[in-house]
Amino acid sequence: MFDVAVIGAGVMGCSTALHLARAGMKVALLDRGAICREASGVNAGTLTMQMTRAALIPYALRAHAMWIDMGAWCAGGSVAALACPGLSVAFTDAEAALLETRATARRAAGAPIELVDGARARQIEPGLSAAALMAGHCPIDGFAAAYLTGRAFRGALVEAGVDLRENCAVTGIDPGFRLRTAAGPLAAKRVVLAGGVWLEEMAAWLGVRLPIKVLVNQLVVTEKMPPVMGTVLGIASGLLSLKQYPNGSVLIGGGWQGLGDRMRGGLAVLPEAMLGNMRLAAHTIPALRDARILRAWTGLEAETADALPAMGPIPGVPDAWIIGSVHSGYTSGPVMGRVLAQAIAGETPVLPLFPIDRLLEAKAA
Amino acid sequence: MMHDILVLGGGPAGMAAATLAAGRGARVALVDEQPAPGGQVYRAPAPGLDPPADADRREGDRLRAALAESGATVFPGHLVWDLGGGPLVAAGVPDAPFRIQALGDAPRTLTGRALILAGGTSERIIPFPGWTLPGVMGLAAATILLKAEAMLPGRAPLLAGAGPLLYAVAAKLIGAGVRPVAVVDLAGHGEWLAALPALAARPDLLARGAAWRAMLMMARVPVLAAHRLVAAEGTHGVTHALVQPLAGGAVRRFAVDCICVGHGLVPATEGSRAYRARHAFDAARGGWVAAADPSGRTSVAKLYVAGDGAGVRGAAAAPASGRIAALAALADLGLGEDAAALATATADQARAARTGAAMARMMALRPGLVAAIPPETIICRCEGVTRAAIDAAVEAGAREVNQLKHFTRCFMGPCQGRLCGEAAAELVASQVGGREAAGLPTGRVPLRPVPMAALLGDFAYADIPVPPPAPL
């Protein structure tokens, strides 16, 4: 009998399981595949305040520090996170207006974002296009290599005594939190659902109807190239993310949509979206025209109806908890898992939960 | 224009498939990366060169002439980078026409109701110390230099590895006036003798093999059977090759300026993986191949595989394999059935494939080769990942190749896994119980790295269809 079974070994499930085990609980962490192979392993690794929901800025700020300092709390694990300045760029007056509104809201939430003119933005990022009119500048930004996330957590989880069961699909939950798994039943006193885009069907196991939207985000990576940029770059609308890794490859993303769904996973990159994304990138950093495109892929991002997290107890089901489905959740993931673990362990969380009552579809009256 | 059949790859299988289908009135387009169709074995010489016509050249010219007369539209010099359509559609939507995007003189998009993948193979090279030195190259690369460029890979080459390519390259070198320092064959004499009955089905190939061996004897080229290349040495380029009997014993050191090495051929599965077709591992056919029926029908409707890309059976078997896939596509598209033609092609293929299968067995990966790789040897040369790093990643929980990719960056470099993939997968397989368990890398586009500038075109910022922003 486990104290808690966490279903879903992405960044949310891993952080929750790790902090629960550190709190002395006997934890099972199950995933139908390998650790961090879905959204947590294939996302753009952007650790930026300027693409984070304003309400999540306090979480993102704390998590940013956790990512940068990961080895210290994660048994030496690393996602090669680097802190660097971030710019959110406006090319038109309309984008400048959008930028002002958004920067103001995020500044109010605690992100140290200042608006700078084009000339100042090009001092911060010499690779930036001369067409940039204005930028939001945040000195606390950065990026990680998301593909390292599973490796970074795995050692710490095992060391903390978490019973990690990869390739062990859960297909349902019977009364008394008896999990039906591919390898036979598993019983726990509590469950945590941490299944990303698959939270909707997981919640249904417990009789809860929680609609989750699926975003199919595309990413494109270039071959290694000489340094062309040194910041994390976005545009005011948020449909661009750019960063150059120390090895020279540039990752181009921002949330352009490809083909895929919950059943089939990320299926294919849509070339027209890839072209739009690349044009936006090359418009922003003109030196990218010399890049060679090496690989493109899609990943599924979950989003609740209000695009804020599902994080807290599951109403009507004592000892069942949920975490995930948050826009830009990777950035805030480590701290969200810690917050939920604190709540489950009966401590006062360092930051508030996001209870899901607001998201549940009203049962027929 | 909507084609009936798109053919990806202009080797013998692709040429024969396009020729047959177009000859029967179907609208066919064939796309190939090289300046002229031919593939590897029947590769056309570079423009302006006219090397002496050998048997391969004559067969290639015959296939090219038939293709030219067939009415198929041929797009040579086109790098296919994107595959779409087919089953790659939104949920609940019927399959779309297949859509190929290629870069030639300009970006080009082709659509077709059926798609025949005839992508051939890539060469397997199992790493050894010094394999990244300049002067070390694949046997297949050496044949490309000799055939298409009339260029010598070196003046003192040593040839090592497995399969008939060893002797084909040796004979070509001798014909070009270069005496190889040695031929180092993983196979023992007994293995070649065991393959003889299968070779007897193709007396022409048997005679050619015998002629190659005779050339080596005449030129007094040492042929070291059941030997392996242990290491390449050199500072700025390869200067020495170390060779040892497989059974162990004294290491011999040869002075060389070039090592041509190949450990067999691996079917190209980029296309079938991009379409998420089902695959199966079959070591005797070169490794992972798209699961297909005898006519090349994959698990994806109207997607076919032909030639060595469907499983290594050799160039001689490829044209019949292409014709079979073309007949299947024509039938599935309602463009006519021809049982007699299918029977003939099937018999042709079976005859040639018997020889091809024996050669494929000679080229199948020998696990001992991977086990012998020293820990500090680089496996993934794009990303500098050593064997020790791969072993450590497997130990740390990467029990499958896609997770290995995440843990180590193996497969993430510009070779897209073509150079490192076999050795890396074998290292995982040795710990998890086989190649099936070790898995197959998920298909990704672009199928080859492409210059961004060629895709971007001219655009105005205002015309980029930027979707609405994410919520604040």
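Which domains does the domain assignment of chain A give? I found domain 1 (2–41 + 148–210 + 306–359) and domain 2 (84–142 + 213–303); such bounds come from an automatic or database domain assignment.

**Conventions.** I note that this is a predicted model, in which local features need pLDDT of at least 70 and side-chain atom pairs count only at pLDDT 80 or more, while totals for chains, interfaces and linings use all residues. Residues are numbered from 1 along each chain as its sequence is written, and chains are lettered from A and ligands numbered from 1 in the order in which they are written.

**Domains of chain A.** I looked up the separation of the C-alpha centres of domain 1 and domain 2 of chain A, which is 30 Å. For contacts I used the criterion that the C-beta atoms of two residues, placed from the backbone, lie within 7 Å. On this basis 10 residues of domain 1 of chain A touch 7 residues of domain 2 of chain A. The domain 1 side of this contact in chain A holds 5 nonpolar, 4 polar and 1 charged residues. Here Ala, Val, Leu, Ile, Met, Phe, Trp, Tyr, Cys and Pro count as nonpolar, Asp, Glu, Lys and Arg as charged, and the others, Gly among them, as polar.

**Domains of chain B.** I found that the assignment for chain B gives domain 1 (2–121 + 266–360), domain 2 (125–263) and domain 3 (373–438). The C-alpha centres of domain 1 and domain 2 of chain B are 30 Å apart. Between these two domains of chain B, 15 residues of domain 1 are in contact with 15 residues of domain 2. On the domain 1 side, helix H9 (residues 339–363) of chain B gives the most, with 7 residues. Helices (H or I, at least four residues) and strands (E, at least two) are DSSP runs, numbered from the N terminus.

**Contact between the chains.** I recorded 48 residues from chain A and 34 residues from chain B in the contact. On the chain A side, H9(A) gives the most, with 8 residues. The residues of that side of chain A are 27 nonpolar, 9 polar and 12 charged. I also looked up strand pairing across the chains, which requires at least two DSSP bridges between two strands. S16(A) and strand S22 (residues 450–451) of chain B run antiparallel and are joined by 2 bridges. In S22(B), B:Pro451 stands opposite A:Arg292.

**A sheet in chain B.** I found an open sheet of 3 strands in the order S12-S13-S14 (chain B), paired antiparallel. Strand S12 (227–233) and strand S14 (252–255) of chain B are at the edges with a single partner strand each, so one side of each has no neighbour in the sheet. Strand S13 (residues 240–245) of chain B pairs with S14(B) over 4 bridges in the antiparallel sense. B:His240 has B:Ala255 as its bridge partner in S14(B).

**Helix H13 of chain B.** Is H13(B) largely enclosed or largely open? I found 9 of its 12 residues buried, so H13(B) is largely enclosed by the rest of the structure. Buried means that 20 or more other C-beta atoms lie within 10 Å of a residue's own, exposed that 12 or fewer do, and partly exposed in between, with C-beta atoms placed from the backbone. The buried residues of H13(B) include B:Glu422, B:Glu426 and B:Leu427. Their packing partners include helix H11 (387–395) and helix H12 (401–408) of chain B. After H13(B) comes B:Gly433, with a positive phi near 95°.
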